[in-house]
Every structure is written in C-alpha cells, then in structure tokens.
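Here is a quick tour of a protein model for someone new to reading structures. Keep the 3D view open and find each spot as we go.

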Amino acid sequence: AQDEKVRILRCLENWIDIVDIDINTLHKYSILSYICSRLCASQGEEFECLCELVVVCMKRYRPINKNHGTAVPEEGTFTTLLSYTLLLLPKWSELLSHLQRERYATFEEIDEEVMSCARALVRIFTEAAEQTLYMYQRYQTLPHPSEGSNGEGRGGEFITLCKVLLGVGRVPLDPNIIRIPLKFFYDLSLALVPLDNAGDDGGWDEGYDNNNGGAGAAYAPPAALVLAYKPLYYELLEIATFNIQIPPAILTSGTNDATPSSLPSYIQESRDVWRECILDCLAVVGGAEGFEWGCRGLESRATALSSQTTPNNQAWSEVEALLFTLSITLQRLNPLQPHPYLPQLLPLLCSLPTHLLYINVSILNCIASVCPHLHDNLKHTYVFIERVVRHMLPSARTSTPAFSALQMQACKTLLSILQAHREHRPLFSLHPPPSGMPPLPPIHLSALPPIPSPLFAPPSTSPPTPPSLPTLLHLIFTLSACGVLGAGAGVGAG
C-alpha cells in the first residue's frame with residue numbers, strides 16, 4: 001500500500017509539472033489539502049514525494065509566472081504552501097540535533113534515509129525562499145534582516161528561510177545537498193546589487209557573467225538595506241571558505257617525503273561551484289571589504305600556527321582555503337585603488353611554510369593575483385620565489401609524475417609572476433641577454449644552501465636580502481631541467 005501511494009504521488013507530480021492543470025482542479029478534488037495535511041505527518045519515501053510535490057506546485061502556481069511572463073492571481077495558494085512548509089522547521093531542527101548528537105566525521109557515514117530526508121527539506125526550503133524573493137521583486141521591495149528576529153509576517157518568514165539555508169552549509173551533508181541553496185543566494189545578491197550598479201568599489205570585474213536575467217534588474221534597494229544584508233553574506237563567505245578546504249589526508253599527500261597526488265576531481269568541481277558563491281558574496285560585501293576579511297583571517301591563523309611545535313594539518317587546510325579565497329578577492333580589487341592591507345599581505349605570504357606543496361601552489365597563485373596591485377614589494381616576491389624553488393629542488397629528480405605535475409604548475413606560476421611584474425613595472429626583461437654577456441654559472445643541487453629549520457618561523461626583524469633576477473631565473477630553469485617540465489621544454493615559452 002505504501003509503494004502504491006508513492007507511485008501515485010510521483011504520477012501526480014509529473015502531471016502537475018508537465019500538464020497545464022488549472023489550480024481550481026486541485027482545489028476541487030482537495031488535492032492541495034491532502035498534500036498539505038500529509039506533509040508533516042509522513043515519513044520516508046512518502047515524505048520525499050510530498051516535498052517534491054510542494055516544490056512543483058510552488059513553481060507552477062506562483063504569483064509570478066516566469067514561464068509565461070505574466071502575473072497570475074495565485075498568491076493565496078502560494079501563501080498556503082509556504083505556511084505548511086514553515087511547519088517543517090521543527091523537523092529540520094530535529095535532524096540537525098541528530099547529526100550533532102551522532103558526531104559524524106564525514107557525510108559518507110550518515111544513513112541514506114537521513115540523507116534523503118535532509119535533501120527533501122533543503123529542496124522545499126530553498127524553493128520557498130526563491131519564490132518569496134520573486135514575490136518581493138514583484139512589489140520592488142525587500143524585507144529588512146531585523147524582521148527575522150521574531151520570524152513573524154512575510155518578511156520574518158523570508159529571513160527565517162535565509163538563516164535556515166545558511167545553516168545547511170555548516171552540516172556534514174552530501175556536497176550536492178549543501179550546494180542546493182547557492183542559486184537562491186545568487187538571486188538574492190542580484191536583487192541587492194543589480195549588475196548595472198555593481199563595480200563602484202571594484203567588487204565586480206569584466207569577466208563576471210550573469211545568465212539569470214537578473215531578479216533585481218528593475219529594482220535597486222537603498223544602500224542602508226544592502227548594508228543590513230552584508231553580515232549574511234560575510235557568514236556565507238565563511239561557509240564557502242570552510243567547504244573548499246582540502247581534507248588533511250589529501251593535503252599532507254603533497255609533502256616532499258610522501259607520495260603526492262593531484263586534487264581529486266570532486267574537490268576541483270566543488271571548488272568551481274564555491275568560487276561562484278564567493279563571487280556572489282563579494283558582489284554584496286564589496287571586493288575591498290572581502291579582501292580585508294580574508295587578510296584578517298589569514299593573519300590570525302598564521303600567528304596561531306607560528307607558536308605550534310607540531311604541525312596541525314587541519315589548521316593548514318584552513319590556511320590553504322583562505323589563500324584560495326584571497327586569490328579570488330584579489331581579482332576583484334581595482335589595481336588603481338591601492339588597498340591598505342596589500343603591503344602587509346606579501347610579507348605574510350612569504351612567512352608561510354613550504355613543506356606542503358598544495359599550500360605552495362595556493363600561495364603562488366595568490367601572489368600572482370596580487371602582482372597587478374604591487375608597486376614597491378618586488379623584493380618580497382623574489383625572496384619567496386627563491387625560498388620555494390630551493391625547497392622543491394632536492395626532491396625534483398626523484399619525484400613521482402603527480403608530484404612533478406604540481407611542480408610544473410608552480411614553475412608556470414613563478415614565471416607568470418615575473419611576467420606580471422615585467423608588464424606592470426618594467427624593471428627587467430625576459431629577452432635573451434646580449435651576446436657579449438657571459439653565461440650564468442651552472443648551479444648544482446649540492447651547492448644549494450640548506451633549508452632553514454624550522455620551515456615555518458616568525459618573520460625576522462631584519463629584512464631578507466632578495467636574490468638577483470638572473471639567479472632567480474636560473475633556479476627556475478634548474479628546477480625544470482630536473483624533469484618537471486620535460487627537460488625544460490615549455491619554460492622559455494611561458
């Protein structure tokens with residue numbers, strides 16, 4: 001009987017989704033009443049089907065019909081569906097309590113029935129939030145976040161849904177479930193900062209694309225309202241940085257004394273998705289403010305790690321994730337408007353360790369992103385490049401193909417950094433030297449100075465002496481000659 005009921009519900013879902021069934025038909029046969037009455041009382045597969053039915057009904061009978069571009073007088077139906085959706089909040093709280101009580105280390109340990117229930121709840125809450133947002137856009141307004149303090153009224157319900165969807169990113173669920181609400185936060189960012197108004201503080205760049213059409217294209221909310229929503233997007237920025245962390249076991253596989261591996265494809269795909277989320281956050285909080293947020297976080301973590309005698313791989317994973325976020329925020333800064341934190345960032349990056357190659361690559365990418373903004377910090381860049389190359393050289397000849405691939409990425413990034421400095425500050429040239437210039441002496445691995453210990457130490461009070469450009473280039477070519485780029489092929493072209 002239960003299986004038969006599930007099949008009927010799925011059939012009904014397909015009919016409503018595909019066939020243009022009039023809303024009066026659903027009321028005439030008490031179909032909506034049945035759906036709403038069973039929503040909170042059902043369990044298992046029946047509950048999942050009912051949630052999908054509500055999602056389909058919200059899309060099909062919402063007050064703003066995107067498919068036909070016309071407004072339909074179904075606000076009462078949507079209000080009813082929204083009210084019953086909010087009755088599921090205790091069920092969501094119960095699920096969160098279960099996850100917290102069981103202390104799951106990863107989402108793979110969670111029972112499939114619990115995961116399916118979470119997926120259904122996140123789907124219905126997200127759809128309710130999206131349709132409420134479109135309803136507000138119809139009236140060219142948005143509720144103030146303070147309305148969520150009591151959760152009453154349409155504005156309070158909307159803010160409550162926003163907070164619930166934010167909490168999804170903090171739960172150890174399947175990454176595909178965690179990413180379900182991201183489309184809603186993207187639409188909300190467009191409602192707060194339409195594309196026509198973005199970019200005033202360098203928060204948007206020319207490469208940002210919007211395929212949505214802009215839920216907020218016709219309405220620009222007042223600056224005070226946008227400011228009130230910034231804490232929500234700062235929290236989302238923190239959640240995004242948390243979800244892009246490399247698991248410590250994978251992070252440590254990039255050490256010079258272990259068998260390294262490139263990042264798994266699922267991590268790369270996840271980072272691509274969260275990168276777009278970070279861009280949405282920066283659209284609201286501003287590129288400069290987001291950059292300052294990242295710098296403060298990196299500084300606090302680096303200071304804490306400098307006092308530790310034993311490496312904390314989880315902490316290093318947090319540092320690497322912050323570096324990834326910073327490299328994105330740097331691309332959203334206006335090079336013509338120097339940021340006060342820029343002069344402090346590069347020495348901080350140079351003080352980070354080089355014993356984890358994934359962190360090396362992230363630091364190099366971060367430095368490459370900061371290069372267009374630098375004017376007087378060339379010596380810090382040179383010092384760091386020398387430090388990284390000298391640390392990778394001893395293991396270059398015996399490294400595995402996966403390790404060599406990471407070193408190849410690092411070499412290309414090193415040369416891109418030098419090229420960026422050449423373009424923005426023509427202090428040197430990468431063209432061949434004059435014919436009368438004597439060749440550089442060969443550098444043997446045995447002649448390299450030993451690596452300082454400990455690898456991570458507080459910055460010295462006396463500034464380090466930067467290496468010369470010829471020495472730096474020769475170090476990179478030596479690293480490539482060890483087989484990183486296949487007997488040096490491709491370095492000169494870079």
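This is a predicted model: local features need pLDDT of at least 70, side-chain atom pairs count only at pLDDT 80 or more; totals for chains, interfaces and linings use all residues.

Residues are numbered from 1 along each chain as its sequence is written, and side-chain values use heavy atoms, with hydrogens and water left out.

**The big picture**

- The chain has 20 helices and two strands. Both are DSSP runs numbered from the N terminus: helices are H or I with at least four residues, strands are E with at least two.
- Of the chain's 494 residues, 50% count as buried. Buried means under 20% relative accessible area, exposed means over 50%, and partly exposed is in between (1.4 Å probe, protein chains only).
- Take the contacts in the chain with a separation of 6 or more: 79% of them come from residues 24 or more positions apart. Contact here means heavy atoms within 4.5 Å.

**Helices side by side**

- Two packed helices are described by the angle between their axes and the distance between the axes.
- Start with helix H4 (residues 44-60) and helix H7 (residues 112-138), whose axes come within 9 Å and cross at roughly 15°. Axes are lines fitted to C-alpha atoms, for helices over the stretch in contact, and angles run from 0 to 180 degrees between N-to-C directions.
- H4 and H7 are therefore roughly parallel to each other. The cut-offs are under 35 degrees for roughly parallel, over 145 for roughly antiparallel, 65 to 115 for roughly perpendicular, and oblique for the rest.
- H4 and H7 also make a left-handed crossing. That means the near helix is turned anticlockwise from the far one by less than a right angle; clockwise would be right-handed.
- On the H4 side, the residues meeting H7 include Phe47, Cys51, Val54 and Val55. Their H7 partners include Cys117, Ala120, Leu121 and Ile124.
- H4 also packs with helix H5 (residues 75-86): the axes come within 10 Å and cross at roughly 150°. That makes H4 roughly antiparallel to H5.
- The contact is made by Val54, Cys57 and Met58 of H4 with Phe78, Leu81, Leu82 and Thr85 of H5. The crossing of H4 and H5 is left-handed.

**Rings and charges**

- A pair of aromatic rings is described by the distance of the centres and the angle of the planes.
- The structure holds five aromatic pairs. Rings of Phe, Tyr and Trp (its six-membered ring) pair if their centres lie within 6.5 Å; planes under 30 degrees apart count as stacked, over 60 as edge-to-face, and the rest as tilted.
- One to look at joins Phe185 and Tyr233: the ring centres are 6.3 Å apart and the planes are at 85°, so the pair is edge-to-face. This pair links distant parts of the chain, with Phe185 in helix H10 (residues 182-192) and Tyr233 in helix H11 (residues 223-243), 48 residues apart.
- Phe185 is buried at 2% relative accessible area, and Tyr233 is buried at 0%.
- Ring pairs link Tyr136, Phe158, Phe184, Phe185 and Tyr233 into a cluster.
- Lys91 lies over the face of Phe47, 4.7 Å from the ring centre. The charged end of Arg271 sits over the ring of Phe324, 4.5 Å from its centre. The rule is that NZ of Lys or CZ of Arg must be within 6 Å of the ring centre and within 35 degrees of the ring normal.

**Buried spots worth a click**

- H10 is mostly covered, with 10 of its 11 residues buried. Among them are Leu182, Phe184, Phe185 and Tyr186.
- Leu232 is found in H11 and is buried at 13% relative accessibility. Not counting residues up to four places away in sequence, Leu232 touches Cys162, Leu166 and Phe185.
- Ile177 sits in helix H9 (residues 175-178) and is buried, at 1% relative accessible area. Its C-alpha atom is 8.8 Å from that of Met115, 62 residues away along the chain.

- Ser30 lies in the loop between helix H2 (23-28) and helix H3 (31-39). Ser30 is partly exposed, at 41% relative accessible area.
- Phi of Ser30 is near 55°, a positive value in a residue other than glycine.
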